[in-house]
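Please look over the sequence and the model shown below before reading on. The report that follows moves from the overall fold to a pocket, then to charged pairs and the surface.

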Amino acid sequence: MLFRSREEIPFNDALRPIVDYAGRDEPTRWVPTGGDAMGLASLEFRIPLERIGLKRWAGTQLAVFSDVGNVWLIDPTLADSGATDPFLRWSVGLGVRRATVIGPIQVDLGFDPARLRDEALAQLHVSLGAL
């Protein structure tokens, strides 16, 4: 992902209070600027718990996954951010998938083994309604 310092981005005056509030804890906080191109690939292995002898857990699966990708600025008219991020970023994780009467539930814990700046080592993600 490409980043710029908050001071370099010409924010609209209406957004200034929101930006100031978001950066209240860290005066040197970096702000993602996004991009105009993205690449993403995911690989996931699911293990139904009933297949490994846990019949009471029918409808529940364990998952092991890995994601790789990034966002890039390709348009030459956009300002160069000077980012030195790697070409591709990757992560790994573990999760649980469960079919319920209100829809599928997914709980994942992803790990970032190649952290940049002050990124967290792990991130919890909960999803309802899509697997």
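Helices (H or I, at least four residues) and strands (E, at least two) are taken here as DSSP runs, and they are numbered from the N terminus. By that rule, the chain contains 1 helix and 7 strands, and their order along the sequence gives the pattern β-α-β-β-β-β-β-β. The model is a predicted one, in which local features need pLDDT of at least 70 and side-chain atom pairs count only at pLDDT 80 or more, while totals for chains, interfaces and linings use all residues. Residues are numbered from 1 along each chain as its sequence is written, and side-chain values use heavy atoms, with hydrogens and water left out.

A residue is called buried when its relative accessible area is under 20%, exposed when it is over 50%, and partly exposed in between, with a 1.4 Å probe and protein chains only. Of the 131 residues in the chain, 24% are buried by this rule.

**The largest pocket**

A search for open spaces uses a 1 Å grid over the protein atoms alone, and a pocket is an open set of points with protein on both sides within 12 Å along at least five of seven lines, its lining residues having an atom within 4 Å of a point. Grid points are joined across faces, edges and corners, and the volume is the space filled by probe spheres set on the points. The largest pocket holds about 740 Å³ of space. Its lining is made of 25 residues, and those closest to the centre are Asp 67, Arg 89, Trp 90, Ser 91 and Asp 112. At least two lining residues come from each of strand E3 (37-48), E4, strand E5 (89-100), E6 and E7, and E4 gives the largest share, with 6 residues. If Ala, Val, Leu, Ile, Met, Phe, Trp, Tyr, Cys and Pro are counted as nonpolar, Asp, Glu, Lys and Arg as charged, and the others, Gly among them, as polar, then the lining divides into 12 nonpolar, 8 polar and 5 charged residues.

**Charged pairs**

Side chains of opposite charge can pair when their charged atoms come close. A salt bridge is counted here when a side-chain nitrogen of Lys or Arg lies within 4 Å of a carboxyl oxygen of Asp or Glu.

| Salt bridge | N to O distance |
|---|---|
| Arg 46 and Glu 44 | 2.5 Å |
| Glu 119 and Arg 89 | 2.7 Å |
| Asp 108 and Arg 97 | 2.4 Å |

Where do the partners Glu 119 and Arg 89 lie in the chain? Glu 119 is in the loop between E6 and E7 and Arg 89 is in strand E5, so this pair ties together parts that are 30 residues apart in sequence. Both Glu 119 and Arg 89 are buried.

The pair of Asp 108, in strand E6, and Arg 97, in strand E5, also links distant parts of the chain, 11 residues apart. Asp 108 is buried at a relative accessible area of 8%, and Arg 97 is buried at 1%. By contrast, Arg 46 is partly exposed at 36%, and Glu 44 is partly exposed at 33%. Glu 44, Arg 46, Arg 97 and Asp 108 are linked in a network of salt bridges.

**Contacts between separated residues**

Asn 70 lies in strand E4 and is buried, with 7% relative accessibility. The C-alpha atom of Asn 70 is 5.9 Å from that of Arg 89, although the two residues are 19 apart along the chain. Leu 40, in strand E3, is exposed at 62%, and its C-alpha atom is 6.7 Å from that of Asn 70, 30 residues away along the chain.

**A nonpolar patch on the surface**

Patches are made of residues with over 30% relative accessible area and no salt bridge, where like charges are joined within 9 Å and nonpolar side chains (Val, Leu, Ile, Met, Phe, Trp, Tyr) within 5 Å. Accessible areas come from the Shrake-Rupley method with a 1.4 Å probe, and for residues only the protein chains shown count as cover. Ile 47, Ile 52, Leu 54, Trp 57, Leu 62, Val 96, Val 107, Leu 109, Leu 124 and Val 126 form one nonpolar patch, with about 850 Å² of accessible area together. Strand E6 (103-111) and strand E7 (122-128) are the elements that give two or more residues to this patch. One of its members, Leu 62, lies in strand E4 (residues 60-72) and is partly exposed at 37% relative accessibility.

Technical notes: On a 1 Å grid over the protein atoms alone, a cavity is a set of points where a 1.4 Å probe fits but cannot get out, and a pocket is an open set with protein on both sides within 12 Å along at least five of seven lines; lining residues have an atom within 4 Å of a point.
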